Amino acid sequence: MDICRVGSISKTMTAIGVMQLWEQGKFNLDDPVNDHLKSFILKTKVKASPPITIKHLLTHTSGANRNMIINKIRSDSISRYLMNGRNN
């Protein structure tokens, strides 16, 4: 099965969905992202750094990049998916 790359439009659609959940009061934009992630944890590069927030991710100011270390994979299936995705 081939994966279809949808390009930058997925960022817009994700942001719309996130903001709809925010409007419903599901979270605050200043919440640490790791409080809401279920499958993995985003690890900051510097230990003393403040936590990455939802606002950081939406405004591209988190410092995260494609090569960011993912710490504590909680699910074998997500681990396999991430490893296979990197090789393609």
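This report walks through a predicted model of one protein chain, from its overall layout to a few individual residues.

**The overall layout**

Let's begin with the whole chain. The protein chain contains three helices and two strands, and along the sequence these elements follow the pattern α-β-α-β-α. Of its 88 residues, 14% are buried. The accessible surface of the chain is about 7,400 Å², and carbon and sulfur atoms account for 54% of that area. How do distant parts of the sequence come together? Among contacts with a separation of 6 or more, 48% are between residues 24 or more positions apart.

**Helix 1 and what follows it**

Helix 1 covers residues 9-23, which is 15 residues. Glycine 25 comes after helix 1 and has a positive phi, near 80 degrees.

An α-helix has 3.6 residues a turn, so residues three or four places apart point the same way.

**The nonpolar core**

Now let's look inside. Which residues make up the largest nonpolar core? There are seven of them: Val18, Phe27, Leu29, Val33, Leu42, Ile52 and Ile54. In soluble globular proteins, nonpolar side chains tend to be buried together. Isoleucine 54, a member of this core, has contacts beyond four places away in sequence with Val18, Phe27, Asn28, Leu29, Asp31, Val33 and His36.

Threonine 53 lies in the loop between strand 1 (41-42) and helix 2 (54-58). Is threonine 53 buried or exposed? With a relative accessibility of 9%, it falls under the 20% cut-off and therefore counts as buried. Leaving aside residues up to four places away in sequence, threonine 53 touches Leu29, Asp30, Asp31, Pro32 and Val33.

**A salt bridge across the chain**

How many salt bridges are there? The count comes to one. In this salt bridge, the side chains of lysine 55 and aspartate 30 meet at 3.2 Å, N to O. The pair links distant parts of the chain, with lysine 55 in helix 2 and aspartate 30 in the loop between helix 1 and strand 1, 25 residues apart. Lysine 55 has 38% relative accessibility, so it counts as partly exposed, while aspartate 30, at 52%, counts as exposed.

**A residue with a positive phi**

Histidine 60 is found in the loop between helix 2 and strand 2 (70-71). Although histidine 60 is not a glycine, its phi is positive, about 55 degrees. At 63% relative accessibility, it counts as exposed.

**Accessibility side by side**

Here are the residues discussed above, with their values.

| Residue | Relative accessibility | Class |
|---|---|---|
| Threonine 53 | 9% | buried |
| Lysine 55 | 38% | partly exposed |
| Aspartate 30 | 52% | exposed |
| Histidine 60 | 63% | exposed |

How values were computed
Residues numbered from 1 in each chain as written. Predicted model: local features only at pLDDT ≥ 70, side-chain atom pairs only at ≥ 80, totals over all residues. Heavy atoms only, no water. Core = buried A, V, L, I, M, F, W, Y, C linked by side-chain atoms within 4.5 Å. Buried < 20%, exposed > 50% of the residue type's maximum accessible area, 1.4 Å probe, protein only. Contact = heavy atoms within 4.5 Å. Helix = DSSP H or I, 4+ residues; strand = E, 2+ residues; numbered from the N terminus. Areas by Shrake-Rupley, 256 points an atom, 1.4 Å probe, with all protein chains shown as cover. Expected span 1.5 Å × (residues − 1). Salt bridge = Lys/Arg side-chain N within 4 Å of Asp/Glu carboxyl O.
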